[in-house]
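Okay, let me get my slide up.

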Amino acid sequence: MGLKSKVLIVGGTGYIGKKLVKASLGHGHETYVLQRREIGVDIEKVQMLLSFKKQGARLVIGSFDDHRSLVEAVKQVDVVICAISGAHIRSHQILLQLKLVDAIKEAGNVKRFIPSEFGTDPSRMAHAMEPGRETFDQKMMVRKAIEDAGIPFTYISANCYAGYFVGGLCQFGHLLPPTDSVVLFGDGNQKSIFVEEDDIATYTIRTIDDPRTLNKTVYIRPPANILSQREIVEIWEKLIGKQLVKTSLSEKEFLDMIKDKGYVDQAGMTHFYHFFYEGCLANFEIGDDAEEACALYPDVEYIKVEDYLKQYL
Ligand code: NDP
């Protein structure tokens, strides 16, 4: 492989964005991070950006409200990775990427664009429930814009972030594992896929100079982390040496609960419905038109759910 691509990370201060900055620097890429003019007095963000600079990143000032600034930013690099927000509990700005796509199209030099996806493959979610389907619909609009503009891309389907899902044993609204009881989605046997966030960033960075991933979806499916909620609970029980009291929430009970919630919870809960009742992440084979990250990069030692859970002991 030739010289390492120069990478611009947009949304670099975000939850997954900062992991991408770290992985890009760690893999020896000249790394640029967009510093948005709208930063205001967000001291945490300013300090994070300064720490990226200290680690070797270059900060590029720009704004989504200034097309020229985006064009100038992307002109400096070979690869653009966008990690803009797309979880309703935090912020949801997926469609802003259409402006980035316009800038990449005009600049004309970008060899690879990785849009902000890093979750469920939106192309498989045409049947998704409202209101959570907004995320998938918007990600598909961004895909269409990318493909219409002829921009080379890789779509990363990272499945469930470990931090959001493993910690709380997949229970909605929980990030820490219980030591007394747990509520299972139905029988708890539907398989999902869990990936630690630094591993997501590592696999993502590995794809950018890899011709095998050009214009393809890359699914991240660590074999040891394709697990049901019940299996995750059992791993935790083994670690704490204690059985949890298990209750089950039927599909109907869960759907009824969604109705009474506000928009943000509804959006998240409908995603949980698809993952844990329908099994949408693991219920299909990866076709010949896509790739799987652990098979492409077998040298990456990904974090297994059991080891991830040990940090909560
Ligand atoms: P964050 O909520 O952490 O936000 C990421 C960044 O988006 C921010 O740091 C900021 O970057 C930028 N941003 C936020 N608001 C605006 C705005 N108004 N204008 C411009 N930029 C803005 O994002 P996440 O890391 O939670 O989400 C990133 C991706 O990961 C999304 O596609 C999301 O759907 C996906 N995701 C996947 C999950 C999974 O389990 N697979 C779970 C959660 C999210 P800056 O200020 O640096 O420009």
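This is a predicted model: local features need pLDDT of at least 70, side-chain atom pairs count only at pLDDT 80 or more; totals for chains, interfaces and linings use all residues.

Where does S5 sit along the chain? It's in the segment before β1, and β1 covers residues 7-10. And is S5 buried or exposed? Its relative accessible area is 1%, and the cut-off for buried is under 20%, so S5 counts as buried.

What does S5 touch, if we skip residues up to four places away in sequence? You get H29, E30, D78, V79, K111 and D209. Let me pick up V79 next.

V79 belongs to strand β4, residues 79-82. On that strand, V79 and I81 point one way, V80 and C82 point the other way, and all of them are buried.

Now, which strands does β4 pair with? One of them is β1, in the parallel sense, over four bridges. V79 takes part there, as the bridge partner of V7. β4 also pairs with β7, residues 112-114, again in the parallel sense, over three bridges. In that pairing, V79 has R112 as its bridge partner in β7. So that's V79: touched by S5, bridged to V7 and bridged to R112.

Okay, over to the ligand. How many residues surround it? There are 29, and the closest are T13, K45, R90, N159 and Y161. If you sort the shell by residue type, you get 13 nonpolar, eleven polar and five charged.

G14 has a backbone N or O atom 3.1 Å from an oxygen atom of the ligand. For S85, a backbone N or O atom also lies 3.1 Å from a ligand oxygen. Then there's F118, where a polar backbone atom is 2.9 Å from a nitrogen atom of the ligand.

And how much of the ligand does the protein bury? Taken alone, the ligand exposes 920 Å², and the protein buries 88% of that. Which elements give two or more residues to the shell? Those are β5 (86-87), β9 (160-161) and α6 (162-165).

Note on methods. Residues are numbered from 1 along each chain as its sequence is written. Side-chain values use heavy atoms; hydrogens and water are left out. Buried means under 20% relative accessible area, exposed over 50%, partly exposed in between (1.4 Å probe, protein chains only). Contact means heavy atoms within 4.5 Å. A residue is near a molecule or strand if one of its heavy atoms lies within 4 Å of it. A polar contact is a pair of N or O atoms within 3.5 Å; within protein, one must be able to donate a hydrogen and the other to accept it, and residues adjacent in sequence count only if both atoms are side-chain atoms. Accessible areas come from the Shrake-Rupley method with a 1.4 Å probe; for residues, only the protein chains shown count as cover. Ala, Val, Leu, Ile, Met, Phe, Trp, Tyr, Cys and Pro count as nonpolar, Asp, Glu, Lys and Arg as charged, and the others, Gly among them, as polar. Two strands pair if DSSP finds at least two bridges between them.
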